[in-house]
Each structure stands twice: as structure tokens, then as C-alpha cells.
Amino acid sequence: MKISSNHSATYMSDRASTPLPQFKILGQPVNLSTDYISWLTDRMQQGIGTHVVTMNAEIVIQANKDAEFSAIIDRADLVTPDGSGIIMALRLHGIEQSRCAGIDLGEELLRLAGKPESNYPVFFYGGKPEIVKQAAQNWQTELPNLNIVGIEHGYIDAQTQAKLLDRIQATQPKIILVALGMPRQEIWIRDNFHLCPEAIWIGVGGSFDVWSGIKNRAPQFVRKLDLEWLYRIAQEPSRWRRALALPQFAVLAVAERIKKLKVES
């Protein structure tokens, strides 16, 4: 990772641990690292709770329209660069950073929790009933030592929601995977973080769909070309409106860089 000397790094989170450098893209923070999972592992071992947001272009555009959502991102303990748009924007500023997708980070956390020597209970929340159940079952089959202490779908009423929160507080999972879509999952994590203050809380969007087998993820070569977003649109044509955030983000990111260059000159 290369960060030019004229870039001032700031830091986030008042929950103590070694901070990661942070850079802002269109006013939204993203943390820079070559090894996010090791940082999260250290936090878990120290019992330091962590709210993880996986940032993409759509989230930046949404956050710039929604002050509440923006404040949640600003207060998150870790914001990873999920999406080719974020990587492109960082490169405009001379920062080389690898992408860290939410689905990849979620998988790494599950594999860590599934090791025989680990003691990291896991909770799955969100998605459709049959999908979250199948996703959890598939992981349990692959990782027999994985301690799944709870599964709940995202289509529940207020009474069931209250029971869900009681279960989470009673079981104290160390990893809580939330698939409610943005910004709903980020708001829900913020509102309930206090129930498990030592857990890793991460919004994983549509990851349960892939883990359940109902949808396929883009092949590795497509991901390397930064075209996973296009593959998802091909699978789900209804997502095309959401994809409009990509060109909008690109124009704004380039304009931001040009403005900074003028100031620097």
C-alpha cells in the first residue's frame, strides 16, 4: 500500500485498539490496510466490539444524501473498500489499495470461527427464511466446528424482533452477520450494538443468497477485472437503477480530485 506523504491520515473509533489509517472519498471515510482480517482477529481476541461497514459507490452516494447514514459510517470502527469505484477513487489520489468485499470478509471470519481452536460463536440474521437457513447449513457442513448460536430471517414482526434481540444478548455471539441491505443493516447494527459490545457486527448484503447457492458469484477473472457489478446486473436486471450510482460516483470522484489538484497547485 502506498500513501503519498501529502495525504493526512486521520483515525476513527473511540474503542481502543491500534487504529488503521483512513482516507475520505467524497466526504466518506474508508480505512486502508493490507490485512483487515488480522486487525479484526486482534480486536476479537481483545474483546473489542467492532462495527464493520463495507463501502461501495452506491453507499457513498446514499450517505451523501442521508445525514443519519453518513453519521453511522463516520462512527463505524472499520470501513473497507468494497467495490471497484472506491478502489478507482483511491488510485486517483495515488493510493494503492486492494478491494475488500463484504462477502470475502464474511467468509474469512467464518473460516476463522470454524477452526477447532476458535471460540467465536456466530449469528446469522437477515434474508428470506429459506435462504438464511440454507446459507447457515452450508457453512455448518463445510465447517463442522463452526458454532452457530442463532439463525433468524429478515421478515419478522415487532414481537419476533424483540425475541431476536433477547436471543442475541443471551447467546453473546462474537460474529454477527447481518443481511438486511443498506442502509437498513447499518442502522440496525448501530441501534443494537450495545447488546454484544465485544462482537464483530458486519453488514453482508446479499451474501446469504450466494452462500445458500440460490445465486452465483462472479468468477474470479471477472472480479479481477473489477466487473463484478456488471455480472450482478446480468443476474438481476432489476438492479440496473442501483447501478446508476456508479457513473455518478465516478464523475464526482474525478471532480473531487481535480479540485484538490487545483488547491495543491
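These legends describe several close-up views of a predicted model.

View 1. The protein chain has 13 helices and eight strands. Of its 265 residues, 50% are buried. The accessible surface of the chain is about 12,700 Å², and carbon and sulfur atoms account for 53% of that surface. Contacts between residues at least 6 apart in sequence were also sorted by separation: 72% of them join residues at least 24 apart.

**View 2. Helix α1 and its cover.** The buried residues in α1 are Tyr36, Ile37, Trp39, Leu40, Thr41, Arg43 and Met44. Which elements cover them? The cover includes the strands β2 (28-31), β3 (50-55), β4, β7 and β8 (200-203), together with α5 (102-113). After α1 comes glycine 47, which has a positive phi, near 70°.

**View 3. A salt bridge between arginine 43 and aspartate 77.** The two side chains meet with an N to O distance of 3.4 Å. Arginine 43 belongs to helix α1 (residues 36-46), while aspartate 77 is in the loop between α3 and β4 (78-81), so this pair ties together parts that are 34 residues apart in sequence. Are the two residues buried or exposed? Both arginine 43 and aspartate 77 are buried.

**View 4. A salt bridge between lysine 24 and aspartate 74.** The closest N and O atoms of this pair are 3.9 Å apart. Because lysine 24 lies in strand β1 (residues 22-25) and aspartate 74 in helix α3 (residues 67-75), the bridge ties together parts that are 50 residues apart in sequence. Lysine 24 has a relative accessible area of 37% and is therefore partly exposed. Aspartate 74 is likewise partly exposed, with a relative accessible area of 38%.

**View 5. Glutamate 68, arginine 190 and a salt-bridge network.** The side chains of glutamate 68 and arginine 190 form a salt bridge, with 2.9 Å from N to O. Glutamate 68 is in helix α3 and arginine 190 is in helix α8 (residues 184-192), so the bridge ties together parts that are 122 residues apart in sequence. Through salt bridges that share partners, Glu68, Arg190 and Asp191 are joined into one network. Glutamate 68 is partly exposed, at 36% relative accessibility. Arginine 190 is partly exposed too, at 37% relative accessibility.

View 6. Strand β5 (residues 122-126) and strand β6 (residues 148-152) run parallel and are joined by four bridges. Which residue of β6 stands opposite valine 122? Isoleucine 148 holds that position. From β5 the chain passes through helix α6 (residues 129-142) to reach β6. This β-α-β crossover is right-handed.

**View 7. Isoleucine 176 and its contacts.** Isoleucine 176 is part of strand β7 (residues 175-179). The relative accessible area of isoleucine 176 is 0%, so this residue counts as buried. Which residues does isoleucine 176 contact, leaving aside its neighbours within four places in sequence? They are Phe123, Ile168, Cys196, Ala199, Ile200, Trp201 and Ile202. Isoleucine 189 is 13 residues from isoleucine 176 along the chain, and the C-alpha atoms of the two are separated by 9.3 Å.

**View 8. Aspartate 209 in helix α9.** Helix α9 spans residues 207-212 and contains aspartate 209. Aspartate 209 has a relative accessibility of 17%, and the limit for a buried residue is under 20%, so aspartate 209 counts as buried. When residues up to four places away in sequence are not counted, aspartate 209 touches Ile131, Ile214 and Lys215.

**View 9. A nonpolar patch on the surface.** The patch is formed by Leu92, Val254 and Ile258. Together these residues have about 210 Å² of accessible area. Leucine 92 is found in helix α4, which covers residues 84-92. With 31% relative accessibility, leucine 92 counts as partly exposed.

Key. Residues are numbered from 1 along each chain as its sequence is written. This is a predicted model: local features need pLDDT of at least 70, side-chain atom pairs count only at pLDDT 80 or more; totals for chains, interfaces and linings use all residues. Side-chain values use heavy atoms; hydrogens and water are left out. Helices (H or I, at least four residues) and strands (E, at least two) are DSSP runs, numbered from the N terminus. Buried means under 20% relative accessible area, exposed over 50%, partly exposed in between (1.4 Å probe, protein chains only). Contact means heavy atoms within 4.5 Å. Patches are made of residues with over 30% relative accessible area and no salt bridge: like charges are joined within 9 Å, nonpolar side chains (Val, Leu, Ile, Met, Phe, Trp, Tyr) within 5 Å. Accessible areas come from the Shrake-Rupley method with a 1.4 Å probe; for residues, only the protein chains shown count as cover. A salt bridge is a side-chain nitrogen of Lys or Arg within 4 Å of a carboxyl oxygen of Asp or Glu. Two strands pair if DSSP finds at least two bridges between them. A crossover is right-handed if, with the strands pointing away from the viewer, the path from the first strand over the helix to the second runs clockwise.
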